[in-house]
Amino acid sequence: MLPIPDSLIVNFDKALRTVFARAVSRRPYPDAKIDEAEMSEAEKRHAAGLMRVNHSGEVCAQALYQGQALTARNPEAAEALVEASDQETEHLAWCERRLYDLGSRKSVLNPLWYAGSFGLGVLAGALGDKWNLGFLAETERQVEGHLNSHLASLPEQDAKSRAVVEQMKVDEIKHAETAIAHGGADLPLPVKMAMKLSSKLMTRTAYYL
Ligand SMILES: [Fe+2]
Ligand SMILES: [Fe+2]
């Protein structure tokens, strides 16, 4: 039998944990001190749909960061991404708890989102740090755009979901700034468009599935 590299085992273990295990948060949950609001069944369903999209987005973020870490060359850049990546795990935990509080569940397609994003991360990492970090910054910016649209769409009284999304937004903005500060390049427009298209596929599907 061929020897299996350690990094492959570590990554497979991380993938399984991201998709199937419960994530934990070191920081307090942003909605911990907020009471659950009165919501109709339709409002709850809508909030859960949006939080499921956010959760799947965080699964993608995990995969992306792990894929990039595997191929990133500059140790300083890799180090800078560790903190961002840790915060993505917290986002995963916050969205997951919010989903369960709303009486809902995670997307059944998470393994698929994970695999696709991991591949993209490896590819971006292989292109060199400048593009790797540029890809990351653009991803974070697009996520920020999604979070803004969710803040506009979430039920007005759902302060718990809002608190989670607000804190994630603050973090994602910082992640983009970190990537730029470490030399991330501005991506060509067609690449940005392709990224928007593929994230649309994920967000539209994860809302229901
Ligand atoms: Fe995140
Ligand atoms: Fe992020």
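In this predicted model, helices α2 and α5 of the protein chain have axes that come within 11 Å of each other and cross at roughly 170 degrees. Because angles over 145 degrees count as roughly antiparallel, α2 and α5 are described as roughly antiparallel to each other. A second pair, α3 and α6, packs at an angle of about 165 degrees, and the points below take up both pairs, then helix α6 and the chain as a whole.

**The pair α2 and α5**

- On the α2 side, the residues that meet α5 are L50, N54, G57, L64 and Q68.
- On the α5 side, the residues that meet them are N132, L136, T139, V143, H146, H150 and S153.

**The pair α3 and α6**

- Two packed helices are described by the angle between their axes and the distance between the axes.
- For α3 and α6 the angle is about 165 degrees and the axes lie 10 Å apart, which makes α3 roughly antiparallel to α6.
- The crossing in which α3 passes α6 is left-handed.
- From α3, the residues A80, A84, Q87, H91, W94, C95 and R98 take part in this meeting, and from α6 they are joined by K160, S161, V164, M168, D171, H175 and T178.

- The buried residues of α6 are K160, S161, R162, V164, V165, M168, E172, H175, A176 and A179.
- Among the elements that cover these buried residues are α2 (41–71), α3 (75–101) and α5 (129–153).
- After α6 comes G183, a residue whose phi is positive, near 105 degrees.

**The chain as a whole**

- The protein chain contains seven helices and zero strands, so that from the N terminus on its elements run α-α-α-α-α-α-α.
- Its radius of gyration is 17 Å, close to the 17 Å that the globule rule gives for 209 residues, and the chain is therefore as compact as a globular protein of that length.
- Taken along the principal axes, the box that the C-alpha atoms fill is roughly 55 × 45 × 30 Å.
- Of the 209 residues in the protein chain, 39% count as buried.
- Among contacts in the protein chain with a separation of 6 or more, 89% are between residues 24 or more positions apart.

Note on methods: Residues are numbered from 1 along each chain as its sequence is written. Chains are lettered from A and ligands numbered from 1 in the order in which they are written. This is a predicted model: local features need pLDDT of at least 70, side-chain atom pairs count only at pLDDT 80 or more; totals for chains, interfaces and linings use all residues. A residue is buried if 20 or more other C-beta atoms lie within 10 Å of its own, exposed if 12 or fewer, and partly exposed in between; C-beta atoms are placed from the backbone. Helices (H or I, at least four residues) and strands (E, at least two) are DSSP runs, numbered from the N terminus. Two residues are in contact if their C-beta atoms, placed from the backbone, lie within 7 Å. The radius of gyration is taken over C-alpha atoms; the globule rule is 2.2 Å times the number of residues to the power 0.38. Axes are lines fitted to C-alpha atoms, for helices over the stretch in contact, and angles run from 0 to 180 degrees between N-to-C directions. Angles under 35 degrees count as roughly parallel, over 145 as roughly antiparallel, 65 to 115 as roughly perpendicular and the rest as oblique. A crossing is left-handed if the near helix is turned anticlockwise from the far one by less than a right angle, and right-handed if clockwise.
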